[in-house]
Amino acid sequence: VEWDVSRLPFGVAAQHAEMRGLWLVRRCMGAEQIARIRDFFYAVDSSGRFRWHCYEPGRLMMPLHASPALDAETTRRVIQGI
């Protein structure tokens with residue numbers, strides 16, 4: 001899936017038109033939030049409880065999904081709170 005996000009506004013949640021559930025908020029985090037996320041993934045990775053999956057060279061992902069899945073209204077609220 002390709003998505004040209006260069007014209008999307010900063011700080012506004014946008015969902016991909018063809019892939020429901022794929023959201024992007026450009027420049028939604030500051031340095032403190034980025035550090036918290038980095039520290040979270042470091043802790044999760046070093047625990048050995050979760051595996052990274054290599055979908056193609058240089059593209060590693062660790063799936064972390066809400067269970068049960070979030071409804072649309074909750075997703076909007078969570079994204080706006082980041």
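Reader: Which residues form the nonpolar patch on the surface?
Author: This is a predicted model, to be clear. In it, V1, M19 and L22 make up a nonpolar surface patch. Together they have about 270 Å² of accessible area.

Reader: Where is M19 found?
Author: M19 is in the loop between β1 and β2. Strand β1 spans 13–15 and β2 spans 23–25.

Reader: Why does M19 count as partly exposed?
Author: Because its relative accessibility is 36%. Partly exposed runs between the 20% limit for buried and the 50% limit for exposed.

Reader: What about E18, buried or exposed?
Author: E18 is exposed, with a relative accessible area of 74%. E18 also lies in the loop between β1 and β2.

Reader: How far apart are the C-alpha atoms of E18 and V1?
Author: They are separated by 9.0 Å. Along the chain, E18 and V1 are 17 residues apart.

Reader: Let's zoom out. What pattern does the chain follow?
Author: Along the sequence it reads β-β-α-β-β-α. That is two helices and four strands.

Reader: What box do the C-alpha atoms fill?
Author: Roughly 35 × 30 × 30 Å, along the principal axes.

Reader: How many of the residues are buried, as a percentage?
Author: Buried residues are 10% of the 82 in the chain. The chain exposes about 7200 Å². Carbon and sulfur atoms supply 54% of that area.

Reader: And contacts between residues 24 or more positions apart, what percentage do they account for?
Author: They account for 13%, counting the contacts in the chain with a separation of 6 or more.

Reader: OK, charges. How many positive and negative?
Author: There are 11 positive and 9 negative charges. Their mean positions are 3 Å apart.

Reader: How many salt bridges?
Author: Two. One of them joins E73 and R76, with the closest N and O atoms 3.3 Å apart. R38 also forms a salt bridge, with D39 as its partner. There the closest N and O atoms are 3.4 Å apart.

Reader: Why are E73 and R76 separated by about one helical turn?
Author: Because they sit three residues apart in helix α2, which covers residues 72–81. R76 counts as partly exposed, at 38% relative accessibility.

Reader: And R38 and D39, how do they count for accessibility?
Author: R38 counts as exposed, at 52% relative accessibility. D39 is at 44%, so it counts as partly exposed.

Reader: Where does R27 sit?
Author: In the loop between β2 and α1, where α1 is 31–47. R27 counts as exposed, with 68% relative accessibility.

Reader: Which loop is G30 found in?
Author: G30 is in the loop between β2 and α1. At 30% relative accessibility, G30 counts as partly exposed.

Reader: How far is G30 from Y55, C-alpha to C-alpha?
Author: The two C-alpha atoms are separated by 28 Å. Along the chain, G30 and Y55 are 25 residues apart.

Reader: Last one, F50. Where is its place?
Author: F50 is in the loop between α1 and β3, with β3 at 53–56. F50 is partly exposed, at a relative accessible area of 33%.

Reader: Which residues is F50 in contact with, leaving aside neighbours within four places in sequence?
Author: V44, M62 and L64.

Reader: And how far apart in space are F50 and L24?
Author: They are 24 Å apart, C-alpha to C-alpha. In sequence, F50 and L24 are 26 residues apart.

Notes: Residues numbered from 1 in each chain as written. Predicted model: local features only at pLDDT ≥ 70, side-chain atom pairs only at ≥ 80, totals over all residues. Heavy atoms only, no water. Buried < 20%, exposed > 50% of the residue type's maximum accessible area, 1.4 Å probe, protein only. Contact = heavy atoms within 4.5 Å. Areas by Shrake-Rupley, 256 points an atom, 1.4 Å probe, with all protein chains shown as cover. Lys, Arg positive; Asp, Glu negative; His and termini not counted. Charge placed at Lys NZ, Arg CZ, Asp CG, Glu CD. Patch = residues over 30% accessible without salt bridge, like charges linked within 9 Å, V, L, I, M, F, W, Y side chains within 5 Å. Salt bridge = Lys/Arg side-chain N within 4 Å of Asp/Glu carboxyl O.
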